[in-house]
Structures are given as structure tokens and as C-alpha cells.
Amino acid sequence: MLLFLLGLCIVWACVKDSNFNAPQKACETALQANISFDEIKSMYTDGVIQFHDDLVMEGVVISSDLASNFFGTLHFQDKAKDPSSGLQIEIDLRDSHLFYEEGSKILIRLKGLYLGSSKGVLKLGGVFSSFGNLSVGRLPAAVVAQHIIKACDKPGDITPMEITMGQLSDKHINTLVLIKDVQIISEELGLPFAVKEEETLRTLTNCKGDKLSLKNSGYADFQANLLPEARGSIVGVILKEHKDFLLAIRNTEDIVFTEERCEKIQDEFTSNLIFISELADPNNNTEARFVELYNAGSEPLSLKGWKLNRYTNANTEISATINLTDYSIGAKSTFLISPNAAEFLTVYGFSPDFSGAANGPADSNGDDNLELVDPFGVVIDRFGVVGEDGSGTNHEFEDGRALRNENINAGNSEYTFSEWTIYNDTGASGTINLPQNAPEDFSPGIR
């Protein structure tokens with residue numbers, strides 16, 4: 001008994017406060033950033049590069065794996081408010097929110113890390129080899145703390161950047177944004193956020209019909225929750241895969257849908273800023289033909305109701321048509337139509353946006369006429385003269401190429417030869433009689 005009382009006295013003597021605080025995580029005060037986001041991005045050329053110098057960057061964490069919608073990736077931007085750039089680093093660290101919580105300032109020692117591109121987006125991390133090719137992968141958990149250090153000073157509360165879907169650009173990748181007046185498309189109402197254990201894309205839309213994919217993990221805590229039915233605002237991290245922007249939320253509190261849905265979404269639009277920018281009939285490979293459209297506008301546009309028509313040879317009636325209804329064309333972006341998607345991929349190294357049929361509008365042998373028509377039946381752009389076989393004329397591109405001149409930024413319902421540079425084998429004066437071979441003489445996807 002005496003020993004017991006003596007033990008209690010020792011405990012009471014040592015513990016002066018019954019409020020136990022969790023141990024504070026170590027933070028760094030001496031380490032200073034010496035390179036910016038833009039400087040890092042400018043160093044990348046191709047493949048995978050490794051940092052060998054003692055470079056340090058700083059950023060603000062904007063993602064969180066607390067709800068398991070993010071996993072193995074930490075997203076961070078250069079400032080808590082009005083960021084100009086963002087990046088991501090791949091880490092093999094579970095529950096990273098316990099070490100690098102959302103809103104914390106971090107310092108990243110770049111020496112020994114790798115920088116590479118995946119699906120068109122730059123990422124930092126470790127490295128792995130696949131069939132002799134190096135790629136950026138997750139940084140092993142044992143060395144994460146050596147490269148990612150929590151700073152002691154606070155960056156201030158994160159303020160999501162307010163943007164519209166039409167304003168999305170590459171500068172928003174890996175930054176936190178706020179988008180207002182959006183809703184889930186009606187076709188997906190009643191569905192869960194994600195299929196269990198499968199990454200799932202759902203679709204956001206606004207009252208104009210613009211769309212943005214919502215990327216959800218099949219392992220997220222809210223995976224089985226039904227998608228919200230109302231309209232409102234959403235906060236999330238902007239991601240990108242190839243040409244497509246995506247949005248990922250940190251948890252369901254990022255969604256505040258309290259307004260009534262748009263009764264009728266306007267989803268048919270016209271614009272003369274969409275036009276034909278390149279036609280291809282390669283001399284060495286007829287399977288590599290294509291038609292390229294371009295949107296010179298600053299907003300993406302739904303192609304619902306749009307058509308591309310072909311008038312074969314001297315026909316005055318439409319010979320073939322492509323309905324572009326299920327597609328959209330991004331701002332300042334191309335849209336590529338191929339009659340043979342597999343051959344297009346083999347020849348040019350990437351997939352077209354639309355795969356048409358043989359003998360369709362994109363399968364012209366160079367003496368046909370084409371027109372781009374909006375949802376209301378108005379001809380927005382035309383190549384060639386309907387009723388006139390192109391052979392031997394100034395609109396022949398047989399075995400060659402018709403390229404829209406760079407100073408042209410709008411469609412023209414009447415064919416105007418001066419707007420084009422045309423290569424062929426037997427065209428009229430003013431065209432260039434020089435057959436073109438794929439892929440070296442063509443530039444699909446580049447305007």
C-alpha cells in the first residue's frame with residue numbers, strides 16, 4: 001500500500017496538467033525555396049529528367065486523402081490565393097493528410113526526384129522502368145519525409161479560384177477552383193458517385209450546356225452516396241488527361257447544391273469561329289486521310305446538331321455526312337476526324353477525336369467538296385465548289401493537303417481560294433503541285 005501511494009505521489013508530481021496534447025509534428029524553419037513552379041516546368045523537354053542540384057520549391061497543399069478520393073498523389077499550388085501554377089507529386093504514403101494536411105505549406109527538396117509527363121500533365125516523384133522506358137512513379141514511403149518537408153509558417157486560408165467551365169486552361173491544372181451554377185446531367189441522377197472499387201467519371205453541366213467530368217474514386221468514403229439532384233457550386237482540384245479537363249473533390253462538403261435545376265439546358269449553339277483547318281489525302285497512304293476542324297473561340301462549344309457533309313466529285317446532292325452530336329470542341333483546339341482510327345494512330349502517333357466510316361467526309365480522294373453545317377442548318381464553312389469536280393481546279397488536294405492559312409480565324413460559307421494553301425498532283429495554277437506524304441508532310445492537331 002505504501003508503495004502504491006508513493007507511486008501516485010510521483011505521478012501527481014510529474015503531471016501538472018490533465019490536458020494531454022498530441023505531439024507536434026516537426027517543421028522546417030531554415031530551409032528556403034530557390035526555384036519557382038514556372039522555372040521547374042521550363043526545365044522539362046521530353047522523357048524523364050532527374051534533379052541533381054540542391055533545388056527547393058515551396059507550395060500549398062490543396063488535396064487530401066482523408067475521404068480517399070485522392071490516393072498516392074499530393075497536389076499543391078504556388079499560393080493560397082490567386083495561384084499562377086500547380087503541380088503534383090506521386091508518393092507511396094497512406095494517410096498523407098496526417099503529415100501534409102490540406103492548407104499546409106510544404107518545401108520540396110528536388111535533388112534526387114524525377115520530373116516527367118503522364119497523359120500530358122507534368123508530375124514529380126520517384127522513377128520506375130517498364131520495358132526499358134523510365135517513367136515517374138510514386139516516391140517510396142521511406143524517403144517521402146526526406147523530400148517533402150512541412151514548413152512552420154502558415155500560408156493563410158486557401159481561397160479557391162472562381163472560374164467558369166469555359167475559362168479552363170492548362171494554367172489551372174493542379175489548382176483549387178470554385179465553379180458556380182452547375183449540376184449533374186439528368187441522365188446520371190439516381191446514380192452513386194462511383195462504381196464500387198472503380199474510378200468513375202460523372203458529368204457536370206451548366207445552364208448553357210458546357211460540360212466537365214467529375215472524377216470519383218471507387219474507394220472514396222462517399223462512393224455509394226447518390227449524386228446530388230439540385231444545382232449550385234462545387235470546389236475541387238483541376239486535373240487533365242490528354243485533352244480532357246477533370247475535377248476531383250476532396251469530400252462531399254465541396255459540393256453545395258441548394259438551387260433549383262435549370263429547367264431547360266440550351267445545348268445547341270452556332271459559331272462561325274469553328275471551321276475546317278486541314279484536309280489530308282496522303283500520297284503514300286490513303287488510310288491516313290483526315291479532316292481537321294478548329295475552334296478559334298475562347299470558349300469550348302458543344303457540337304450537338306453539327307454535321308460535316310461531303311459532295312463527291314460534281315454531285316449537287318450530299319454524298320455522305322457525319323453527325324458530330326456527341327462531341328464538343330475545346331477553346332483554341334482542334335477536332336480530328338479519321339476514316340480509319342487504327343491507321344491514324346499508327347501513322348500520327350495519337351488517336352483521332354472521331355472515327356468515321358470509309359467513303360465518308362474524311363475519306364475524300366482530293367477532288368470532293370465539303371461543308372460544315374451548324375445545328376440550325378446554316379453552312380458555317382465550305383471547302384470547294386458544290387457541283388464542280390475538284391480535279392484540275394484550285395480546290396484539288398488529291399495526293400496532297402489543303403491547309404487553312406494561319407490568318408484565317410472564322411468560317412466562310414463561300415469557298416475562297418486565297419484562304420488556303422493547297423498541295424496536289426495536278427491542281428490549277430496557284431496551287432502547289434507537290435504530292436505530300438504522311439506523316440512528315442502533315443500536322444494534325446496543330447494549328
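Author: Please note at the outset that this is a predicted model.

Reader: Which strands each supply at least two residues of the lining of the second largest pocket, and which gives the largest share?

Author: The strands that each supply at least two lining residues are β3 (73-77), β4 (86-90), β7 (121-130), β13 (211-216), β14 (231-241) and β15 (244-248). The largest share of this lining is three residues, and the strand that provides it is β14.

Reader: Which class of residue has 13 members in the lining of the second largest pocket?

Author: The second largest pocket holds about 840 Å³ of space and is lined by 32 residues. Those nearest its centre are F70, F71, T73, E199 and K215. By class, the lining has eight nonpolar residues and 11 polar ones, and the class with 13 members is charged.

Reader: How is the aromatic pair of Y327 and F335 classed?

Author: A pair of aromatic rings is described by the distance of the centres and the angle of the planes. A search of the whole structure finds 13 aromatic pairs. For Y327 and F335 the centres are 5.6 Å apart and the planes stand at 70 degrees. Because planes over 60 degrees apart count as edge-to-face, the pair of Y327 and F335 is edge-to-face.

Reader: Is F335 buried or exposed?

Author: The cut-off for a buried residue is under 20% relative accessible area. Y327, at 31%, counts as partly exposed. F335 has a relative accessible area of 2%, so F335 is buried.

Reader: What is the angle between the ring planes of F344 and F350?

Author: F344 is buried at 0% relative accessibility, whereas F350 is partly exposed at 30%. The ring centres of F344 and F350 lie 5.4 Å apart, and the pair is edge-to-face because the angle between the planes is 90 degrees.

Reader: Why do the buried residues of α4 line one face of the helix?

Author: In helix α4 (residues 341-348), the residues F344, V347 and Y348 are buried. Seen down the helix axis, the buried residues of α4 line one face because they fall within an arc of 75 degrees.

Reader: Which residue lies over the face of Y294?

Author: The distance from the ring centre of Y294 is 5.4 Å. The residue over the face of that ring is R447.

Terms used:
Residues are numbered from 1 along each chain as its sequence is written. This is a predicted model: local features need pLDDT of at least 70, side-chain atom pairs count only at pLDDT 80 or more; totals for chains, interfaces and linings use all residues. Side-chain values use heavy atoms; hydrogens and water are left out. On a 1 Å grid over the protein atoms alone, a cavity is a set of points where a 1.4 Å probe fits but cannot get out, and a pocket is an open set with protein on both sides within 12 Å along at least five of seven lines; lining residues have an atom within 4 Å of a point. Grid points are joined across faces, edges and corners, and a volume is the space filled by probe spheres set on the points. Helices (H or I, at least four residues) and strands (E, at least two) are DSSP runs, numbered from the N terminus. Ala, Val, Leu, Ile, Met, Phe, Trp, Tyr, Cys and Pro count as nonpolar, Asp, Glu, Lys and Arg as charged, and the others, Gly among them, as polar. Rings of Phe, Tyr and Trp (its six-membered ring) pair if their centres lie within 6.5 Å; planes under 30 degrees apart count as stacked, over 60 as edge-to-face and the rest as tilted. Buried means under 20% relative accessible area, exposed over 50%, partly exposed in between (1.4 Å probe, protein chains only). A charge sits over a ring if NZ of Lys or CZ of Arg is within 6 Å of the ring centre and within 35 degrees of the ring normal. The arc is that of the directions from the helix axis to the C-beta atoms.
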